Structure formats: C-alpha cells, structure tokens
Amino acid sequence: MGSEHPSRSNNDRRQIPKPGHNPSLTEGASSSSSSSVSKLELVQKAFLAPFGHKKTDSTRILSDLAPVIMTPRMINSAATVSSRPRASITSSSMTRKLDFATLGRAPLRLGLGSKRITSGDLQIFEATEELLEAEVPEPEGIASNVSLLRGFNATIPSAENSKTRRRQMRNVETPRLGLKKLGMSARGLLTEEEDTEGQSVASSEDDIVLVRHVGKKGRESLSTTKKLGREELTRQSQEIMRDKENIHVKRSLINSEIEEITNKIHALDEIRAKLEQDLLKLHEEELELDDELEGVKERIKFEQAAGHQKNSSVQNLHLPPSSRRRKGPAFLPSEHDELPPGVAFMTLESHTTPITALDFSEPYGTLVSGSQEDAQPRVWDLLSGEEIGRLRGHVGAVHCLQVEDHVCLTGGADGNVRLWDLRRVDVDDNWGAEEMVSLRDVAEEEEEGGEFVERPNGIRSSEDTEAKDNACARVLEGHTQAVTALYFEDECLVTGASDKTLRQWDLTTGQCVMTMDILWAISHPANPSLSAPIFSQSFPGSFSVLTPPYADGTRETYEDFVGGVQFWGYGLVSGSGDGAVRMWDMRTGQAHRTLLGHTGPVTCLQFDEIHIVSGSLDQTLRVWDLRMGNIFETIHFDHAVTALQFDSRKIIAATGENGVKIYNRTSYQQSTLLTNGHTSPVERLRYMDRYLVTGARDAKVKIWSL
C-alpha cells in the first residue's frame with residue numbers, strides 16, 4: 001500500500017498542471033521529455049520489471065545481477081547473437097527464443113570475429129524413437145509392489161486429512177469444561193490467573209461449568225447426540241481402508257530404507273575392515289623400518305670395529321658377534337626377489353634320521369645340521385645346495401648347535417661341547433692331519449699309559465692325532481649328561497644339559513666359570529608361594545616325558561630337561577622340564593624370577609627387550625611381558641611346539657605339523673607354509689629376514705622364501 005501512493009502522487013503531479021502555467025506548454029514539455037527517452041531504456045525497464053520485487057533470496061540475487069547483466073552493450077549483443085542464423089547446427093527454419101540463459105552467455109562472444117561454436121549455440125534433441133523402442137527395465141525392491149504415484153500419495157501430508165476429518169466428525173458440542181486449564185494444572189504449569197499476580201483476568205470461557213442433573217436420571221452418552229448417516233459411514237469406511245493401504249505402503253517404504261541402510265552399513269563395514277588392514281600394514285611397515293634402522297646402526301658399529309679386532313685366545317679363530325638379535329634386512333642375492341613367497345625352493349637330502357638341530361651363518365651362507373643317531377653333523381653350502389663336509393668328533397647324536405659366521409658350537413649326547421672352525425672343513429675331512437689348536441694358559445698335557453688326563457679347567461687335549469678332527473678347535477667338558485641347549489655371544493657361552501644344570505663358559509680360557517643348579521632353584525624359589533603347576537616335585541635320575549601325538553599320530557620320548565637358554569648382558573633366561581621359565585643373574589648364579597604358566601616341559605624360548613616367547617609340550621606358545629612378569633598373550637596349537645623364532649612383526653613356530661606356522665603379531669592372524677614342504681612334522685627352524693631353513697622328521701632340510 002505504501003509503495004503505491006508515491007507512484008500515484010508522482011503521476012498526479014505529472015498529469016495535473018501547476019497554477020500559472022499553460023496546459024499546452026505542459027503537454028509540449030511532456031512530449032519532449034518522452035522523446036528524449038530512448039527505446040533502449042524502455043527495453044531495459046521491461047527486462048528489469050520482473051526483478052522489481054524482493055520476496056526471496058533468489059529474486060534478490062537476480063535483482064542484484066540484473067543491472068550488471070542488462071547493460072545496453074550486452075542487450076544489443078544478445079539481440080545480435082539471437083538474430084544470427086544457425087544453419088551449421090540446425091535447420092534454417094528453426095528459431096531461437098531469447099531467454100535469460102542466452103543473455104548470460106552472450107558476453108562470451110563479444111569481440112570475437114571467429115565463427116567458433118560455443119555452448120550457447122548448442123541444441124538438445126531427444127531421441128524419441130530410440131527411447132520408445134528401448135526396453136524398460138523391470139522395477140526391483142519396493143518399486144515392484146508400489147507405484148511411484150501410490151507411494152507419493154501415501155507420504156504427502158494431505159494423506160492425514162481423512163483421519164483429521166473423521167476425528168472432527170466425532171467431536172460433540174458440550175458446555176465449556178475448561179479441560180485445557182485442568183491439563184496445565186496437572187502438568188504443574190502456570191495458568192493465566194497465576195501469571196497475573198493476583199489480578200483476575202478470568203473470562204467466561206475459562207469457567208468450569210458444572211452440569212447438574214435434576215433427579216436421578218443418568219447422563220446420556222455423547223454418541224447418542226451425534227448421527228452420521230449411512231453415506232458418511234460408508235465414506236469413513238473407504239477412508240479407513242485407504243489409510244490402511246497407506247500404512248502398508250509406508251511400512252514397505254520404511255523396510256526398503258532399512259534394507260538399504262543395512263546394505264550401506266555392510267558396505268561401510270567392508271570399507272572399514274579394508275582400512276583397518278591398511279592401517280595394520282602401515283604399522284608393519286613402520287616396525288620394519290625400525291628394524292632396518294637398527295640394522296643400519298649395528299652395521300655402522302660393525303664396520304667401525306672391523307679394523308680394531310681384539311686378539312683371540314684361539315689362533316686364527318675370531319669369534320663374531322651373535323646374529324640372534326641382529327635386526328634389519330639381510331644381504332641377499334638379487335635373484336631372491338624373483339622367488340615367490342611361502343615356497344620351499346630347495347631341499348637338502350643327506351640325513352637318514354629326523355633332524356634334531358640346525359643353524360646357518362647367513363642367507364645363502366653355511367648351514368650345519370644334525371640328526372638322531374648321527375654323531376657327524378653335515379656342513380652345507382647354501383649357495384649351491386651341496387654338502388661341504390662333516391664334523392667328526394662327538395660320540396652320540398648332536399642335540400643343539402649354533403653357527404656364527406665361520407664359528408660353530410655343538411652340544412652332544414656325550415655331554416661335551418665342541419668348538420669348530422668351519423673354514424677348515426672340506427670334503428676329504430683330513431681326519432687327523434694336524435694337531436688341535438693349542439690353548440693359552442693351559443699346561444702341557446701329560447700322558448699316563450697312553451690315556452687322556454683331564455685338567456682341572458675341564459679341557460681335554462691329546463697328542464694322539466688319530467682321535468681328533470682338523471676343524472675342531474676345542475672341546476669343553478663338564479656336563480655329565482647330554483647337552484640339550486646352548487647359546488654364545490662374544491666370548492661367553494651358556495649351556496644346559498640333562499644333568500639339570502646350567503654352565504657358563506669363558507671361551508677365551510675354555511674354563512667353566514659358573515654352574516647353576518636348576519634343582520636347587522626349584523627347591524628354593526624366589527617366591528616361596530609360587531610353585532610349578534605340575535612338576536613341583538624333584539627329578540631324581542633321568543628325565544623323560546612322552547610327547548603328545550604329532551600330526552601324523554606318532555609319539556616319542558622327550559628327554560631334554562633344559563629346552564632352551566639365552567642371555568643378554570648379565571640376564572639369562574632358561575626353560576626347563578618343570579614347565580617354568582626362569583630368569584637368572586649371571587653375576588650371582590641365582591634365579592631371581594620364575595614365570596609359571598606352562599603345564600608341560602618348555603622346549604624352546606627366545607627374548608628381546610620387552611617380551612619372552614616360550615613354547616612347550618602343552619601345545620601352547622606364551623608371550624611374557626618382561627616388565628610386568630606376567631603372560632601377555634597365549635597362542636594355542638593342536639600339537640606340541642618344538643621350535644620358535646620371532647621378531648617385532650611375526651612369530652614362526654614348529655608345531656608338530658608338516659607345515660610351518662607364522663603368527664602375525666599386528667593382525668593376530670595365523671598362516672601356514674605348505675607349498676613344496678615337508679612330508680613329516682617339522683622339528684627345527686631358523687630364519688633371517690626373508691630366508692627360512694627348516695628340518696623335519698622326514699630327515700630333510702628345506703629352504704623357504706618368506
């Protein structure tokens with residue numbers, strides 16, 4: 001209203017002549033002013049007319065853009081573009097309607113003298129015949145039962161109008177009851193009377209009308225005062241049926257949406273699982289990079305110390321650092337990358353009995369393997385896969401061995417530990433060709449009746465060259481029963497035997513510097529309240545336990561009381577036949593902590609800075625937390641665990657099956673190596689980086705690519 005008055009007053013002022021002026025002059029002035037208005041301005045006003053009102057955001061935006069777009073130059077250019085023939089695109093009979101889109105695209109052609117086709121010159125044509133001949137796909141899901149129009153009618157707000165109308169038809173006019181006020185009072189809300197601070201503003205509409213019936217006549221029902229009629233009831237019946245159909249349609253639509261959401265959730269779960277796998281792979285790559293960095297640091301130290309090697313007590317025999325804790329990738333031939341992972345690509349066949357011990361210096365280096373009922377371990381060249389020679393000297397089978405570079409230590413059933421120089425092993429063996437390497441600080445040997453004389457330091461030597469091997473550099477004697485576990489680093493050696501003792505040796509002098517009695521540790525535990533779960537009694541005499549059945553159903557007698565030993569600095573860890581994992585202080589020879597959890601003899605173990613991993617005949621592999629002294633993780637298998645090795649990413653174990661088990665420590669998943677593998681249960685294993693060697697009860701040694 002207000003906007004119309006100013007325009008009307010302006011028109012009145014233009015039409016009504018002022019006093020004192022000639023009307024003819026006024027008309028002439030108006031005609032002259034109208035002639036001054038160009039046709040272009042009239043066209044511009046006509047175009048701007050739709051943008052004169054401002055009701056919504058879109059119209060306000062268009063009205064703001066209109067003065068910019070509707071300039072005289074742009075309008076003239078748009079008219080010129082629209083009037084150009086388009087014979088090259090469409091037929092000459094086609095005409096183009098001037099619209100806002102054309103005006104918006106018109107400036108793109110301003111100032112261009114070329115005939116280049118722009119988006120404004122394109123036309124859209126529907127392939128009507130092709131669309132009519134195309135086969136219409138059958139609807140799926142809810143669309144096969146409910147049409148689009150039916151679903152639309154069931155979900156629009158007007159579908160509830162019939163229910164509202166029927167409710168209103170059932171309303172009965174009664175005297176004013178004040179139900180709203182009663183409802184507000186029941187909910188504890190303030191009424192209008194309470195809000196006015198004592199001022200009464202009550203109206204007649206808020207008064208509660210009490211209907212008193214005269215006499216004892218009962219009040220009639222509200223439904224008796226309302227008569228709907230047959231036509232109305234029929235209509236309501238039809239509306240109710242239609243509402244029920246709408247409910248069915250809505251239910252179908254909701255079920256369809258639920259199914260769609262379920263499918264989306266399933267798809268998202270798959271995406272989440274894939275992303276979690278990618279995250280685990282990133283974690284494994286990070287751990288691999290950490291190991292590689294540690295390997296580089298160790299390599300730097302090794303190369304720096306290469307020129308400052310200490311003189312060893314054994315002539316021409318340098319003891320290298322242990323590779324058991326070596327981290328990072330190993331040096332491999334370039335062709336190794338061409339091998340498929342998880343496949344045994346080489347088989348070494350020479351033994352005739354099950355493999356009992358094996359170790360190698362490096363990938364494609366030198367391998368030493370021992371077997372049951374065989375006192376001569378084989379020496380192999382892993383690069384060619386051929387046997388180099390044999391280590392002769394033990395009386396009885398070799399139960400354990402360790403190889404570091406060209407140095408090998410073996411422990412046998414005769415209770416002796418022999419130190420070998422693998423560089424002096426050849427095919428001919430040169431049995432008894434030279435003297436045994438002499439030891440410093442050892443008195444000259446004495447002979448009485450041609451028999452050997454044992455020295456107090458436990459070293460045995462003789463001039464009888466018919467009873468010694470060229471490659472054997474030293475013999476360490478001290479154990480009274482079979483040596484079943486050994487571990488050495490630098491010039492320190494620890495051995496465990498079936499005589500239930502652990503011995504620490506100094507390889508520079510060949511002397512036993514300490515003996516640790518496991519039976520004494522069992523009878524005097526560090527924590528008296530703890531005892532081994534099964535083997536709490538003493539073990540007089542020999543020790544033997546029947547193993548659980550292997551995968552092929554066979555069983556054997558297990559007699560190795562000490563299943564594994566390893567030390568680092570002054571800390572020593574041992575696993576024994578009583579099922580306990582003990583931690584010893586090598587400075588005092590005392591067991592200061594006992595880890596209980598296995599229910600069978602411990603057959604193998606290894607530890608690093610954080611965890612100890614042990615395997616047992618109880619068919620479990622347990623991961624212990626060194627910081628807390630408790631079980632961090634327990635992995636169950638179907639058969640006994642006889643060998644293991646682990647790093648920061650995986651645990652590889654021999655679990656009484658023909659295959660080799662690999663446990664991923666990040667994803668907690670297990671896999672098995674079987675391709676071209678063993679035909680009998682695996683007993684021993686050793687790996688470096690992506691290079692694995694296994695020995696089994698089929699008397700074969702397999703080389704795997706990881």
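Start by selecting helix 9 and helix 12 (230–305): the buried residues of helix 9 pack against helix 12, where contact means heavy atoms within 4.5 Å. Helices here are DSSP runs (H or I, at least four residues) and strands are E runs of at least two, numbered from the N terminus.

Before moving on, know that this is a predicted model, in which local features need pLDDT of at least 70 and side-chain atom pairs count only at pLDDT 80 or more, while totals for chains, interfaces and linings use all residues. Residues are numbered from 1 along each chain as its sequence is written, and side-chain values use heavy atoms, with hydrogens and water left out.

Now zoom in on helix 9 (residues 161–169) and pick out Ser162, Arg165 and Arg166, which are buried. Buried means under 20% relative accessible area, exposed over 50%, and partly exposed in between (1.4 Å probe, protein chains only). Look down the axis of helix 9: the buried residues fall within an arc of 100 degrees, so they line one face of the helix. That arc is taken from the directions from the helix axis to the C-beta atoms.

Next, select residues 258–292. UniProt, in an unreviewed entry, places the feature "coiled-coil region" here; such annotations may be inferred rather than shown by experiment. In the model this stretch is 100% helix and 0% strand, and its end C-alpha atoms are 50 Å apart.

Jump to the largest nonpolar core, which has 23 residues; Leu502, Phe567 and Trp584 are among those that touch the most other members. A nonpolar core is a set of buried Ala, Val, Leu, Ile, Met, Phe, Trp, Tyr and Cys residues joined through side-chain atoms within 4.5 Å. Elements giving two or more residues to this core include strand 10 (483–489) and helix 13 (518–523). Apart from it lies another core, of 15 residues, with Met346 and Val701 among them.

Then show the open sheet of 4 strands, ordered 1-30-29-28 with antiparallel pairing. Two strands pair if DSSP finds at least two bridges between them. At the edges, strand 1 (343–349) and strand 28 each pair on one side only. Strand 29 and strand 30 share 5 bridges, and Val693 stands opposite Ile703 in strand 30.

Finish with two loops. Ala699, between strand 29 (691–696) and strand 30 (700–705), has a positive phi of about 65 degrees although it is not a glycine. Ala699 is buried, with a relative accessible area of 8%. Asn676 sits between strand 27 (670–673) and strand 28 (682–688); its phi is near 55 degrees. Asn676 is partly exposed, at 45% relative accessible area.
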